[in-house]
Amino acid sequence: MIEARHLRVLRAVATSGSFSAAARDLGCTQPAVSQQMKALENSAGTPLLIRTGREMRLTQAGEALVRHASGILAGLTAAEEEIAAIAGLRAGRVRLVSFPSGSSTLVPGALAALRAAHPGTQVSLVEAEPPRSVEMLRDGDVDIALAFRYGTTGGEWDDLVVRPLLTDRLIGLVPEGHRLAGAAAVDIAELTDEPWIAGCPRCRRQLVEVCEEAGFTPRIDFATDDYPAVVGLVGAGLGIAVLPELALESVRTKGARTVTVEPAVEREIVALTLPDLARVPAVAATLDQLAVAAARC
């Protein structure tokens, strides 16, 4: 019989590439990892790993088992949470991953309301941008992913439960002394020769696509995932930027002015979870509170 704890060890070994690294990730000893892998191979009735010196790779059977492990572990988590709720246990656990501007705007109010309504529910928060955050959800490492996308990519999230939250428009940011600082609206084609400060990789790709549609390739002088750093660079006169309106809610725009950019570029903010997890009461309550928080924005 294959045990869930053995699957977690196998996934850690496959991800990290060695027993010692997997032991560090799991918070146990290397011999314990080795013993559990031996037990799993005995249960499977076939080798799962090939060891060549210090290197380690999966056999075909190992690859198949790792491929199924994430779904199995996510299903087990959902089962444990739902059974506990049915049995009357007034407790729950929700693991949330969010992108930074969501963490500073949507998440605080949602989690405060959740704690007030369900004080026994424990929530943890980590930060990651999509697509990494969505991978964490599919791998069973989190229960809810707060994510965003520009436009609609067919099939991107078809296997997930998608809870739309809000539409977030990109806002232009220019230095206070810039020639367009007082403009009510700016056509992006007017920014052809400007130096740009770009944000996260997905936002950066969107910026390039929008500029190319307007007939030019942006000259990106600086790139940073840190929104206050973007504002600081703009305020120092080192370039211009476009930032999500949600991000600007929690950042001081000292030395910079906001302008409306045309044509409008918007991103869809959503909360994602797995179908099994959507039925877990603590997860469902968190999704509801995120929707309430988004409605206030």
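**Aromatic pairs around Phe-148**

A search of the whole structure, a predicted model, finds two aromatic pairs. One of them joins Phe-99 and Phe-148, whose ring centres lie 5.1 Å apart with 85 degrees between the planes, an edge-to-face arrangement. This pair links distant parts of the chain, with its two residues 49 positions apart. Phe-99 belongs to the loop between strand E3 (92–98) and helix H5 (100–117), while Phe-148 is found in strand E5 (residues 144–150).

How does the ring of Phe-148 meet that of Tyr-150, and why is the pair called edge-to-face? The ring centres of Phe-148 and Tyr-150 are 6.0 Å apart and the planes stand at 80 degrees, so this pair is edge-to-face; the angle is over 60 degrees, the cut-off for that label. Together, the ring pairs connect Phe-99, Phe-148 and Tyr-150 into a cluster.

It is worth looking next at the accessibility of each member. Phe-99 counts as buried because its relative accessibility is 0%. Phe-148 is likewise buried, with a relative accessibility of 0%. For Tyr-150 the value is 12%, so this residue also counts as buried, given that the term covers residues under 20%.

Phe-148 has a charged neighbour as well: the charged end of Arg-267 sits over the Phe-148 ring, 4.4 Å from the ring centre.

Conventions: Residues numbered from 1 in each chain as written. Predicted model: local features only at pLDDT ≥ 70, side-chain atom pairs only at ≥ 80, totals over all residues. Heavy atoms only, no water. Phe/Tyr/Trp six-rings, centres within 6.5 Å; stacked < 30°, edge-to-face > 60°. Helix = DSSP H or I, 4+ residues; strand = E, 2+ residues; numbered from the N terminus. Buried < 20%, exposed > 50% of the residue type's maximum accessible area, 1.4 Å probe, protein only. Lys NZ or Arg CZ within 6 Å of the ring centre and 35° of its normal.
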